[in-house]
Amino acid sequence: MRHLISPLDFSVEELDKLLTLANDIEKNPEKYSEACKGKKLATLFYEPSTRTRLSFEAAMMNLGGNVLGFSEATSSSAAKGESVADTIQIISCYADIAAMRHPKEGAALVAANNSAIPVINAGDGGHQHPTQTLTDLLTIRSLKGRLDNVTIGLCGDLKFGRTVHSLINALLRYDNVKFVLISPAELKVPKYIIEHIEAAGAQYEEVTKLEEVIGNLDLLYMTRVQKERFFNEEDYIRLKDSFILDKKKMRLAKDDMLVLHPLPRVNEISVEVDKDPRAVYFKQAQYGVYVRMALILTLLEVEVC
Ligand code: CP
């Protein structure tokens with residue numbers, strides 16, 4: 001039995017197969033519409049979510065399966081003090097596969113270690129968000145045509161942004177990926193991620209001004225400042241509007257640069273950018289359904305001919 005806890009749990013070859021399956025699902029949805037008939041997905045969300053939870057549920061429904069779960073800790077027995085380890089043992093009696101989001105780093109791993117069914121990490125604190133990474137990789141590969149030989153700018157809250165940490169780790173496995181890390185000094189990428197980049201021998205630079213580097217980028221990955229991870233509201237208010245991508249800055253970018261964002265957006269991308277053909281963040285959310293369908297099929301070992 002396999003789980004997905006880190007974006008590195010799949011080899012590059014396995015990832016390639018998964019992304020190809022997701023592209024086939026996009027082209028031939030009817031072929032997969034009964035693939036998980038009789039199977040159940042449990043969504044265990046101890047933290048708020050729109051895209052991840054609902055795209056998992058849509059993915060299982062698109063595969064002909066059913067869903068059950070909770071969308072906040074207060075409506076589960078976690079509110080009475082039940083541990084993640086106990087909860088997942090119970091859920092293993094009710095469902096065939098589980099997707100879990102939790103505010104504590106490592107919670108999904110604890111669940112996997114105590115589970116009789118595959119566990120998918122749907123975000124653990126400021127640590128990892130592997131299914132967002134699968135979504136990002138599918139979006140880049142489908143719309144850019146490659147995952148290697150790209151210069152990617154990651155902009156915003158690079159300290160707390162778990163999607164950034166997961167995406168950097170995933171892209172480090174491809175050739176000639178250059179990272180431009182754009183953040184205020186207080187929200188820089190954690191040291192352990194920089195150590196991963198250096199150990200992989202990849203090129204990177206850390207800068208504070210988006211407009212000075214946007215013209216060099218093939219991909220721009222915008223992120224929001226993660227209010228929920230700040231200890232001090234004053235710091236959040238000071239930093240929340242550090243970067244705002246608008247039409248003026250987009251004029252400095254390459255004609256084929258793609259703008260991604262895991263969403264939700266707050267102020268960091270002006271709505272005037274949404275109509276720019278280079279803005280692909282809403283398409284990215286759609287790719288999230290296809291890739292989660294592919295992931296469910298893969299972890300449940302369901303083959304569709
Ligand atoms: N991208 C993402 O994780 O969005 P949600 O928090 O809405 O799930």
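Which helix gives the most to the lining of the largest cavity? The legends below take up this point and then turn to the pockets and the ligand. The model is predicted, so that local features need pLDDT of at least 70 and side-chain atom pairs count only at pLDDT 80 or more, while totals for chains, interfaces and linings use all residues. Residues are numbered from 1 along each chain as its sequence is written, and side-chain values use heavy atoms, with hydrogens and water left out.

**View 1. The largest cavity and its lining.** On a 1 Å grid over the protein atoms alone, a cavity is a set of points where a 1.4 Å probe fits but cannot get out, and lining residues have an atom within 4 Å of a point. The largest cavity has a volume of about 70 Å³, a volume being the space filled by probe spheres set on grid points that are joined across faces, edges and corners. Helix α11 (281-299) gives the most to this lining, with five residues, and α5 (130-144) also supplies at least two; helices are DSSP runs (H or I, at least four residues) numbered from the N terminus. Among the lining residues are Arg 51, Gln 132, His 261 and Tyr 281.

**View 2. The largest pocket.** A pocket is an open set of grid points with protein on both sides within 12 Å along at least five of seven lines. The largest pocket has a volume of about 450 Å³, and of the 14 residues that line it, Lys 17, Leu 21, Thr 298, Val 302 and Glu 303 are the closest to its centre. The elements giving two or more residues to this lining are α1 (12-27) and α11, with α1 giving the most, four residues.

**View 3. The ligand in the second largest pocket.** The ligand sits in this pocket, in the sense that more than half of its atoms lie within 2 Å of the pocket's grid points. The second largest pocket has a volume of about 370 Å³ and is lined by 21 residues, with Arg 101, Arg 162, Arg 224, Leu 263 and Pro 264 nearest its centre.
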